[in-house]
Amino acid sequence: MRILLTAYTDIDSVIDAINRGNIFRFVKKPWIEAELVSAIEEANKFYQANSMLSIKNDELQRAYSELDKFAYSVSHDIRGPLSGILGAINVARDMHDITEMKEMLF
């Protein structure tokens with residue numbers, strides 16, 4: 001986390017430094033102690049929140065990966081029996097004898 005402390009008054013240069021340097025907070029002279037402490041505390045809270053967010057995003061990505069593996073496994077396990085049932089139904093459609101259909105399907 002970066003906090004820019006300056007007495008430089010050229011606002012364009014300050015804005016450029018903030019944008020290029022990823023500055024969290026800008027504090028100009030004369031510095032007020034409470035303002036400096038507040039800026040440091042807020043930067044620390046922001047850093048901790050971003051760190052926790054990064055950890056949670058990693059956990060979420062792992063959970064999505066596990067869910068994707070589970071969904072693939074379930075769909076793979078169900079595909080075989082469903083294909084067998086659909087095949088039997090398609091064959092039964094061409095049959096005209098009820099007894100033969102029952103034998104085929106049961």
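Glu59 has a relative accessible area of 36%, so Glu59 is partly exposed. Keep this residue in mind while you work through the exercises on this predicted model.

**Exercise 1.** Which residue meets Glu59 in a salt bridge, and what is the N to O distance?

*Solution.* 
- Step 1: General idea. Side chains of opposite charge can pair when their charged atoms come close.
- Step 2: Find the partner. The side chain of Lys56 meets that of Glu59, at 3.7 Å from N to O.
- Step 3: Check the cut-off. A salt bridge needs the nitrogen within 4 Å of the carboxyl oxygen, and this pair is counted as one.
- Step 4: Lys56 and Glu59 are both in helix α2, 3 residues apart, which is about one turn of the helix.
- Step 5: Look at the partner's surroundings. Lys56 is partly exposed because its relative accessible area is 45%.

**Exercise 2.** Where in the chain do Glu42 and Arg25 lie, and how many residues apart are they?

*Solution.* 
- Step 1: Confirm the contact. Glu42 and Arg25 form a salt bridge whose closest N and O atoms are 2.2 Å apart.
- Step 2: Locate both ends. Glu42 belongs to helix α2 and Arg25 to strand β2 (residues 23-28); at 17 residues apart, the pair links distant parts of the chain.

**Exercise 3.** Which residues make the nonpolar surface patch of about 450 Å²?

*Solution.* 
- Step 1: List the members. They are Ile78, Leu82, Ile85, Leu86 and Ile89.
- Step 2: Ile89 is part of helix α2, which spans residues 33-93.
- Step 3: Check the accessibility. Patch members need over 30%; Ile89 has 35% and counts as partly exposed.

**Exercise 4.** What is the radius of gyration of the protein chain, and what would a compact globule of 106 residues have?

*Solution.* 
- Step 1: Read the elements. There are 3 helices and 2 strands, in the order β-α-β-α-α from the N terminus.
- Step 2: The chain has 33 Å, whereas a compact globule of 106 residues would have a value near 13 Å.
- Step 3: Look at the box. Along the principal axes, the C-alpha atoms fill roughly 100 × 25 × 15 Å.
- Step 4: Of the 106 residues, 9% count as buried.

Notes: Residues numbered from 1 in each chain as written. Predicted model: local features only at pLDDT ≥ 70, side-chain atom pairs only at ≥ 80, totals over all residues. Heavy atoms only, no water. Patch = residues over 30% accessible without salt bridge, like charges linked within 9 Å, V, L, I, M, F, W, Y side chains within 5 Å. Areas by Shrake-Rupley, 256 points an atom, 1.4 Å probe, with all protein chains shown as cover. Helix = DSSP H or I, 4+ residues; strand = E, 2+ residues; numbered from the N terminus. Buried < 20%, exposed > 50% of the residue type's maximum accessible area, 1.4 Å probe, protein only. Rg over C-alpha atoms; globule rule 2.2 N^0.38 Å.
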